[in-house]
Structure formats: C-alpha cells, structure tokens
Amino acid sequence: MNIQSIARCLLLGLLVSIPALSMAEPAPSSAAQVDIEKLIIDLPTKPENHQVIAAYYKAEAEKAKKQIEYHESLKISYKNATKNLPGSPGSLNTYSGFERHCDRLISAFEKQASEYEQMAKEHEVDAMGKH
C-alpha cells in the first residue's frame, strides 16, 4: 500500500465520520423541552398556545438552516480535499457521491426549514385570531 492509498483511506474515514457527528443532537436544554404535542392537543381550550407553537417552529426552522449552512460548507470541503486525488470532482469518479450526498441533505433541510416556517406563520395568524 503506497502513501497515496493510505492518505485516501484516512481522508475517506474522516469525511465519512463528520456527517454522522454533525447529525447528533445535543441533549435538549430546559428551554428547548417544549412538549409540542401537548400544546397542540390543548389548543381548543388554550388558544394562547399558538404563540408558543409558532416560536417552536421558528426555532426548528433555524436549526434546519444551520444544517444547510453546515452541509454547504462540507460540500466545499469535500471538493477541496479530493481535488488532487485520482478521479477528482468534476469527472465521473469515486468522490462524486460525496457532493450528491451533500446536495440531497441541503435540499431536504431547505424543505424542512420551509415547512417549519409555514407552520410558524399559520400559528401566528391563529394567535391573532385571523384564521
């Protein structure tokens, strides 16, 4: 096994482990421990819950946006780290899957953020009694 093969194995091991680490959720703080299901169930008798629910969805949208930023950065890192390796990005190669992986996650988090933002807006409207 030559140096280039060893470097490639080490790089691939590092690159594969980073996304798994980024997806790990930290233990929720007391402020983040919103029982959203209970708030929704109580809506018929507690319409004021709409504001809390809206804030929850806004926070979830922000988390998704942070993941978008992270995966956009990771995609660039993949490109930079593999550009001098055989079959570098830009051709059909063994590394093109990394970029597609990031693109799929970016797209998924964009959809997630959009959905959360829409839910927040709907609850804000309901909180003002305009729905």
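Me: Let's start with a cut-off: a residue is buried when its relative accessible area is under 20%. What makes Phe98 buried?

Reply: This is a predicted model, and in it Phe98 has a relative accessible area of 17%. The cut-off is under 20%, so Phe98 counts as buried.

Me: Why is the pair of Tyr78 and Phe98 called stacked?

Reply: Two values go into that. The ring centres lie 4.7 Å apart, and rings pair if their centres lie within 6.5 Å. The planes of Tyr78 and Phe98 sit at 25°, and planes under 30 degrees apart count as stacked. Both tests are passed, so the pair is stacked.

Me: What does that pair tie together?

Reply: Tyr78 belongs to helix H3 and Phe98 to helix H4, so the pair links parts that are 20 residues apart in sequence.

Me: How many aromatic pairs are there?

Reply: The structure holds 3. One of them joins Tyr57 and Tyr116, with ring centres 5.8 Å apart and planes at 25°. Centres within 6.5 Å make a pair and planes under 30 degrees apart make it stacked, so Tyr57 and Tyr116 are stacked too. Tyr57 is in H3 and Tyr116 in H4, so this pair ties together parts 59 residues apart in sequence. Both Tyr57 and Tyr116 are buried. Ring pairs also link Tyr56 with Tyr57 and Tyr116 in a cluster.

Me: Which residues make up the largest nonpolar core?

Reply: It has 9 residues: Ile36, Leu39, Leu43, Ile53, Tyr56, Tyr57, Ala61, Tyr116 and Ala120. Helices H2 (36–41), H3 (49–82) and H4 (96–127) each give two or more residues to this core. The largest share, 4 residues, comes from H3. There is also a second, separate core of 5 residues, with Ala64, Ile68, Ile106 and Phe109 among them.

Me: What does Ala120 touch, leaving aside its neighbours within four places in sequence?

Reply: Ala120 is in contact with Ala54, Tyr57 and Lys58.

Me: Lys58 is a name to follow up, then. What makes Lys58 and Glu124 a salt bridge?

Reply: Their side chains meet at 2.4 Å, N to O. The limit for a Lys nitrogen and a Glu carboxyl oxygen is within 4 Å, and the pair meets it. Glu124 lies in H4 and Lys58 in H3, so the bridge ties together parts 66 residues apart in sequence.

Me: Are those two buried, exposed or partly exposed?

Reply: Partly exposed means between the buried cut-off of under 20% and the exposed cut-off of over 50%. Glu124 comes in at 23% relative accessibility, so it counts as partly exposed. Lys58, at 42%, gets that label as well.

Me: How many salt bridges does the structure hold?

Reply: There are 7. Glu99 is in H4 and Lys79 in H3, so the bridge ties together parts 20 residues apart in sequence. At 24% relative accessibility Glu99 counts as partly exposed, as does Lys79 at 37%.

Me: Where do Lys65 and Glu62 lie?

Reply: Both are in helix H3, 3 residues apart, about one turn of the helix. Glu62, Lys65 and Glu117 are linked in a network of salt bridges.

Me: What makes Asp42 buried?

Reply: Its relative accessible area is 14%, and the cut-off is under 20%, so Asp42 is buried. Asp42 sits in the loop between H2 and H3. Its side chain makes a polar contact with the side chain of Lys38 at 2.7 Å, where the limit is within 3.5 Å.

Me: One more on H4: how does its reach compare with the span expected at 1.5 Å a residue?

Reply: H4 has 32 residues and reaches 47 Å from its first C-alpha to its last, which is close to the expected 46 Å. Just after H4, Gly129 takes a positive phi of about 70°.

Terms used:
Residues numbered from 1 in each chain as written. Predicted model: local features only at pLDDT ≥ 70, side-chain atom pairs only at ≥ 80, totals over all residues. Heavy atoms only, no water. Core = buried A, V, L, I, M, F, W, Y, C linked by side-chain atoms within 4.5 Å. Buried < 20%, exposed > 50% of the residue type's maximum accessible area, 1.4 Å probe, protein only. Contact = heavy atoms within 4.5 Å. Phe/Tyr/Trp six-rings, centres within 6.5 Å; stacked < 30°, edge-to-face > 60°. Expected span 1.5 Å × (residues − 1). Polar contact = N/O pair within 3.5 Å; in protein donor to acceptor, adjacent residues only side chain to side chain.
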